Amino acid sequence: MPPGRPWITANMVTVARLIPMPVLAWALYQQNTTALWICLVVGTLVGCTDFVDGYLARKQGPTVLGGLLDPMADKIFVALVYAPFADIGFAPAWACALIFVREFAVTALRSSYERRALTMKTSYLAKVKTWTQMQALAMLVLLALLKDDLSMRVILWIGVIAPLVALAGLWLIKKRFWPGAVVMSAMVGGLLATYEAAGYEWAAYYILITVVVVTWLSGGDYLMASWRSLRGRGDIDRFDLVRMVAALAIPVLVFIALELSPRVVSPSSWALLAVLAAELSVGGLDNLLAHHKAASRALVWGARTLTVALLLLLALLLPAWGTSLFYAAAVVSLVGVAGEFWRGRHYYLDSKLRHAPLV
C-alpha cells in the first residue's frame, strides 16, 4: 500500500454498510421476535457506521464518489425498511408514500436546478430529516418488540434525558449549543407522552406522523419555491417534466401495490423494493451529471422511468399478470440504473473532478 494512504476510507465504510441492508428487509418480513431483534441490531450497526464514514470523510477529505454514495446509502436504508413496514401492514402505506414522494420530488427538482447552475438552498431540518427517519425505524421495531413492557418506558425516558445531558456537557466543555439535542429530546418526549396516554399502537402512529411532518417541512418550502422559480424563468422543458412525473408516479404506484399485496413477503415484494431502491439510488447521480451538463436527456430518462411506471400500473390493473409485470419493472429499472452509473462513471471516479456534496 502506498505511504500515507489510509487502510480504511470513508467510501469503504459506506459500501460496507450497504451490504447488510437487504437483511433488514428480510428480517422484517419474517414477522417474528428473533428476526425483529436481528433487524434492530443490524439496523443499529448500519446507522452507527454513518457516523464513522462521516468522521473519516472529514478527516481524509471529501470525494465525489463519497458525496454520491453517502446519501444514496441513507436513502436505500430507509427504502428497505419503510417499504416492508407498509407491505406487512405495520405502517400505513400512505404515510410511507408521502415520505418517498418528497425524496423523489426534491431530487428531480435538484437536477433541474443543477443543469441551470442554480443553487437549491437546504435548511437545518434537511439534516434533521435523515436521522429522524433512521431513529424512527429503531423506535418502531422496539415498539413491536416491547409493546407495553416497562423497559420501553425506560428507553423512552433515556431518549428524553440523554440528549439534554449531552447538550449540557457540550456547552460546559466547548461553549457550543447543539440544537439537535433539543429537537431530539422534544420528539422523544412527545412519543413518551403518547405512549403513556394511548399505548404503543398510537405511539407508532405518532412516530410515523412525526417523520412525515419533518420530511415535508424539510423539503416542502423549497419544493414550492423551486417550482415557482423554474416556472418564473419560463424555461421548463421535457427534461424537467419527465423527471417530475416519474418522481410522483413511481413511489405512489409502488406503495399502492404494497398496500394491495398480501401481508407476507412475496416475489412481487422484492421486485417492488428493487424498483424503489434503484430509482432512489440513481437520483444523486442524476444531480451530479446535471451539474456537469451530462445528465440523460428527457427521452432516455423517460424511456426507463415511464416504462417502469407503466409496468407497475399494468400490474395493478391486470392482477393475473401482476408478478410478471412487477418483475419486468424491476428488470427495466435495475438495467437502466446500472447503465446510468456506467455511463457517468467518469464523473464520480475521476479524482480530478470535484463537486459540492449533495444533501
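Is Trp202 buried or exposed? In this predicted model, where local features need pLDDT of at least 70 and side-chain atom pairs count only at pLDDT 80 or more, totals for chains, interfaces and linings use all residues. Residues are numbered from 1 along each chain as its sequence is written, and side-chain values use heavy atoms, with hydrogens and water left out.

Trp202 is exposed, with a relative accessible area of 57%, where exposed means over 50%, buried under 20% and partly exposed in between (1.4 Å probe, protein chains only). Trp202 lies in helix H9, helices being DSSP runs of H or I with at least four residues, numbered from the N terminus. Together with Trp94, Leu98, Tyr205, Ile209, Val213 and Leu217, Trp202 makes a nonpolar surface patch of about 750 Å². Such a patch joins nonpolar side chains (Val, Leu, Ile, Met, Phe, Trp, Tyr) within 5 Å, from residues with over 30% relative accessible area and no salt bridge. Helices H5 (93-115) and H9 (200-233) each supply at least two of the patch residues, and the largest share, five residues, comes from H9.

The count of disulfides, defined as pairs of cysteine sulfur atoms within 2.5 Å, comes to zero. The sulfur of Cys39 has its closest cysteine sulfur in Cys96, 14 Å away, which is too far for a bond. Cys39 is buried at 5% relative accessibility, and Cys96 is likewise buried, at 0%.

The average pLDDT, the predictor's confidence in each residue from 0 to 100, is 85 for the protein, and 91% of the residues score at least 70. Over residues 354-359, however, pLDDT stays under 50. Where pLDDT is low, the predicted coordinates should not be read in detail.

Definitions and conventions: Patch = residues over 30% accessible without salt bridge, like charges linked within 9 Å, V, L, I, M, F, W, Y side chains within 5 Å. Areas by Shrake-Rupley, 256 points an atom, 1.4 Å probe, with all protein chains shown as cover. Salt bridge = Lys/Arg side-chain N within 4 Å of Asp/Glu carboxyl O. Contact = heavy atoms within 4.5 Å.
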